[in-house]
Amino acid sequence: MDKKIFTDPFFRKNPITVLVLGICSSLAVTVKLEPAIVMALSVTLVTGFSNLIMSLLRNTIPNRIRIIVQLVVVAMLVILVDQILKAYSYQVSKQLSVFVGLIITNCIIMGRIEAFALGNKPLPSLVDGLANGMGYGMILVAIAFIREFFGSGTLFGIQIIPLDWYVKNGGFYENNGLMILPPMALIIVGLIIWIQRSYQKELVEE
Amino acid sequence: MKVLKNIVEKVKPTFDKGGRLHFLHSTFDAFETFLLVPSATTHKGVHVRDSIDLKRTMSVVIIALIPAMLFGMWNTGYQHNLSIGATSDFWPTFWFGFLKVLPLLIVSYVVGLGIEFASAQIRGHEVNEGFLVSGILIPLIMPIDVPLWILALAVAFAVIVGKEVFGGTGMNIWNPALLARAFVFFAYPSHITGDKVWIEGLSSGTGVIDGFSGATPLAAAAEGTATPSFLDMFIGTIPGSIGETSTLAILIGAAFLIYTGVASWKVMVSTFTGGFLIALLFNALAPGAADPSSYLNVPAINHMVMGGFAFGAVFMATDPVTGCQTEKGKWIYGFLIGVMAILIRVFNPGYPEGMMLSILLLNTFAPLIDHYIVQSNIKKRLSRAKNI
């Protein structure tokens, strides 16, 4: 198996910064680190196994109804993830609320099934799905780190910036309210894309 | 001049190709053209020459801003004296405000120009004068009590995200100065809203006389309490952002801008017209004497001198980069800025000042307005050509 299937989605073909898929959820669930990590794990599992299942089924599905079958498979996996989250990590499930359900519509999943799983063997498909999920999760965690640190002064809910620094305790510091708002997530994604493109010149269109 | 010239000539080889400090050549070029008129001429081809270039335009705008800035400095001291119940002569009052405004100006210029120089260096561009006006505009639209580190962050945000990512001066979609203010407004709302931040020393609460309120006229109008008289607001002896309070000083600047032809009088006139007409409409719709505290009742003429309306109309809306380019478009653009500003003021209690948001919104739509003006012009000419 080609090693690139695993390594590409992390940097060279990252689903968020290069393919620009899955932007919606990267704006919505990145205010805090914890939900972002749970979201990243959930998406990784769903992309991986939906890719695997679709790859196994790929020669038996009539081409005309493939989208419906894909949706059924993805929906099943998402419901599984949702139920597991509700059972074992209720608080996070509450925080993520509707966005777990909306994994079904995450462009990355359909994108990888259509682009990869329908034309490849099961094992590479599984690897491709997992790697794309992780590439997505990597960016998600990076955004959430910046937003939680500067927006709330915490990481994983633990206070990092000393409380004495805050204006209300006689200091000078204040949390950046813009970080909490979704537009800032978009700006951070943009900045990450900017950094990546300055390293990877072939991505820059004329 | 001779001395300067000699120094420049002497250090020049170090910055030329192959020189030790060649990587800093943009910085050197910037200072050379700033200090002297360079003797270098173009080698081939004809270039369009005009006595008004970027540097001239920027200088004119800065001169136009001086009345508003000087008045803002005096007003800072005046408002401070009011809050502590003291009186003082003209010069000590002015000096007090000068010392308070100066650090804001320095921080704004150091951070902004630093980023401009660095990015010009990285890209191998020439350093241009794009930030000279923004650097003075940004402190003028901030409250006097804004912490310096927040100002620095806002300037950095405005220059990097507002201007450099789009390709630098002349390529930006939004007015950088307003973007800096919008950044502070959304990121650190407690430092730019409320009735404490507009007067030096009020937020630390030292020596405030009883019953003194630092609320701006806009906040007073939103709460339905009495606003200062028209004359006070016109002259500018009211709390507010540093440069925006005195409509009189702004109009002096506006006259200068129009006289020199640097800013478009069409945008200014249509902005005031739009704001005035919509405010008149609200007055007509207002419940009248039944509810005197209603925001709808604020006289249309008062809207023109409250808050940053005049400042925005004269110095922000007329920005040639972010505004409309077509002549018909300028009328539409300015009119809608006025309408939106008053609309946001009156109907959105969360945003007491609508001018900032309204100009940013219309900046976004300016290319679209231009597009349709150009298209309709093309269509008109085509149909005329067909008829012949």
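1. Basis. The model is predicted; local features need pLDDT of at least 70, side-chain atom pairs count only at pLDDT 80 or more, and totals for chains, interfaces and linings use all residues. Residues are numbered from 1 along each chain as its sequence is written, while chains are lettered from A and ligands numbered from 1 in the order in which they are written.

2. Chain B overall. Chain B has 15 helices and zero strands. Helices (H or I, at least four residues) and strands (E, at least two) are DSSP runs, numbered from the N terminus. Of the 388 residues in chain B, 44% are buried. Buried means 20 or more other C-beta atoms within 10 Å of the residue's own, exposed means 12 or fewer, and partly exposed lies in between, with C-beta atoms placed from the backbone. Among contacts in chain B with a separation of 6 or more, 71% join residues 24 or more positions apart. Two residues are in contact if their C-beta atoms, placed from the backbone, lie within 7 Å.

3. α14 and α15 of chain B. Helix α14 (residues 327-347) packs on helix α15 (residues 354-387) at an angle of about 150°, with the axes 8 Å apart. Axes are lines fitted to C-alpha atoms, for helices over the stretch in contact, and angles run from 0 to 180 degrees between N-to-C directions. α14(B) and α15(B) are therefore roughly antiparallel. The classes are: under 35 degrees roughly parallel, over 145 roughly antiparallel, 65 to 115 roughly perpendicular, and the rest oblique. α14(B) passes α15(B) in a right-handed crossing. The contact includes B:Leu336 and B:Met340 of α14(B) and B:Leu361 and B:Leu362 of α15(B). By class, this contact has 17 nonpolar, three polar and three charged residues. Ala, Val, Leu, Ile, Met, Phe, Trp, Tyr, Cys and Pro count as nonpolar, Asp, Glu, Lys and Arg as charged, and the others, Gly among them, as polar.

4. α6 and α7 of chain B. The axes of α6 (residues 148-162) and α7 (residues 176-187) come within 8 Å and cross at roughly 130°. These two helices, α6(B) and α7(B), are therefore oblique to each other. Among the contact residues are B:Phe157 of α6(B) and B:Phe183 of α7(B). The contact of α6(B) with α7(B) divides into 12 nonpolar, one polar and no charged residues.

5. Domains of chain B. Chain B is divided into domain 1 (2-35) and domain 2 (55-375), with bounds from an automatic or database domain assignment. Over C-alpha atoms, the centres of the two domains are 38 Å apart. Five residues from domain 1 and six from domain 2 make the contact.

6. Chain A against chain B. Eight residues of chain A are in contact with eight residues of chain B. On the chain A side, α9 (177-180) and α10 (182-199) each supply at least two residues. That side divides into five nonpolar, two polar and one charged.

7. A:Arg112. This residue is in helix α7 (residues 107-115) of chain A. A:Arg112 is buried, with 26 other C-beta atoms within 10 Å. Beyond its neighbours within four places in sequence, A:Arg112 contacts residues including A:Asn51, A:Asp128 and A:Asn132.

8. A:Val20. This residue has a positive phi of about 50° although it is not a glycine. Most residues other than glycine have a negative phi. A:Val20 is in the loop between α1 (4-7) and α2 (23-28) of chain A. A:Val20 is exposed, with 12 other C-beta atoms within 10 Å.

Note on methods
A crossing is left-handed if the near helix is turned anticlockwise from the far one by less than a right angle, and right-handed if clockwise.
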